[in-house]
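Colleague: Hi, could you walk me through this one? I'd like to go through a few side chains and loops with you.

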Amino acid sequence: MPKSKRDKKISLTSTRKKGLELKRNLVDQIRECVDQYARIFTFSVENMRNSKLKEVRNVWKHSRFFFGKNKVMSVALGRGAEDEYRENLHRVSQRLRGQTGMFFTNKTKEEVVEWFSQYQLKDFARSGNTAIHTVVLFEGPLPQFSHSMEPQLRQLGLPTKLERGEINLISDHTVCTAGDVLTPEQARILKLLDTPMVNFHITLDSVWSNDGTFELLERKDNPSPQKEGVEEEDEDEND
């Protein structure tokens, strides 16, 4: 009789070792980037989409992004002044909260700030997003949809019926009203209508330079930039 797979014993020792090794590798990578790049930016993402973030990474191939695993990234930088890897890096560590990432680059602060301030991509809303405008469908044919989609549209809440192989809306229908928190059905209809409702946008939060200076960048919740750092005689010679 073959041995049951349910009886198979799995050692967690190798799993723990592998996880610890991955964390150590991440710490090493981050510290190598600290030594290699002139600046570190912390950033947050509005309406996160992995595909959109990948596009940004491709544009900035000469730089390096880290997103996720905030605790490990904080360890790499140092959580306090007494254990920080370089001068003032614990300030960067303190910014790593929630959906925040790090961006290493040799580009100037001005170049980075200008590019990201202009970079926004429209995308489709998801359940839980807020409608930015009202969308109304009027009674009549819906030629953008094939007849086979009629059951799906009806299931999503649209008052539809098939007439001579064409989908018709039997009465006016408000898909969403500006300010609505969208349901899964509303979000799906908006996507089928090819109606984007959100912007993918990266907001820069702070910047650290390899001379030890740290600066909070201007944003909605921080209207006045603040700068903290070391005096000139403590500047690091590395770029």
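Predicted model: local features only at pLDDT ≥ 70, side-chain atom pairs only at ≥ 80, totals over all residues.

Colleague: Where is K109 found?

Modeller: K109 is found in helix α5.

Colleague: And which residue does K109 form a salt bridge with?

Modeller: The partner is E215, and the closest N and O atoms are 2.9 Å apart. E215 lies in strand β11, residues 214–216, while K109 belongs to helix α5, residues 109–118, so the pair ties together parts that are 106 residues apart in sequence.

Colleague: Nice. Is E215 buried or exposed?

Modeller: E215 counts as buried, at 13% relative accessibility.

Colleague: How do R86 and D35 compare for cover? Which is buried and which is partly exposed?

Modeller: R86 is buried, with a relative accessible area of 13%. D35 counts as partly exposed, at 38% relative accessibility.

Colleague: What does K161 pair with?

Modeller: K161 forms a salt bridge with E163, and their closest N and O atoms are 2.9 Å apart. Here K161 is partly exposed at 39% relative accessibility, and E163 is partly exposed too, with a relative accessible area of 37%.

Colleague: Switching to surface charge: which residues gather in a patch of positive charge?

Modeller: The patch on the surface is made up of K23, K69, K71, R79 and R97. Of these, K23 is found in helix α1, which covers residues 13–36. K23 counts as partly exposed, with 47% relative accessibility.

Colleague: Let's turn to α3. How many of its residues are buried?

Modeller: Helix α3 is mostly covered, with 6 of its 8 residues buried. Those buried residues are N70, V72, M73, S74, A76 and L77.

Colleague: What happens with the backbone just after α3?

Modeller: G78 comes there, and it takes a positive phi of about 110°.

Colleague: Where do N88 and D194 lie?

Modeller: N88 lies in the loop between α3 and α4. D194 lies in the loop between α7 (184–192) and β10 (198–209).

Colleague: And their cover: is N88 buried or exposed, and what about D194?

Modeller: N88 counts as buried, with a relative accessibility of 8%. D194, on the other hand, is exposed, at a relative accessible area of 56%.

Colleague: While we're on the loop between α3 and α4, what about A81? Is it buried or exposed?

Modeller: A81 is found in that loop between α3 and α4. It is exposed, with a relative accessible area of 52%.

Colleague: How far apart are the C-alpha atoms of A81 and R91?

Modeller: They are separated by 8.5 Å, and the two residues are 10 residues apart along the chain.

Colleague: One more topic, the cysteines. How many disulfides does a search of the whole structure find?

Modeller: The count is 0 disulfides.

Colleague: OK, then what is the relative accessible area of C33, and how does C176 count?

Modeller: C33 is buried, with a relative accessible area of 3%. C176 also counts as buried, at 1% relative accessibility.

Colleague: Great, thanks for going through it with me!

Definitions and conventions:
Residues numbered from 1 in each chain as written. Heavy atoms only, no water. Disulfide = S-S within 2.5 Å. Buried < 20%, exposed > 50% of the residue type's maximum accessible area, 1.4 Å probe, protein only. Patch = residues over 30% accessible without salt bridge, like charges linked within 9 Å, V, L, I, M, F, W, Y side chains within 5 Å. Areas by Shrake-Rupley, 256 points an atom, 1.4 Å probe, with all protein chains shown as cover. Salt bridge = Lys/Arg side-chain N within 4 Å of Asp/Glu carboxyl O. Lys, Arg positive; Asp, Glu negative; His and termini not counted. Charge placed at Lys NZ, Arg CZ, Asp CG, Glu CD. Helix = DSSP H or I, 4+ residues; strand = E, 2+ residues; numbered from the N terminus.
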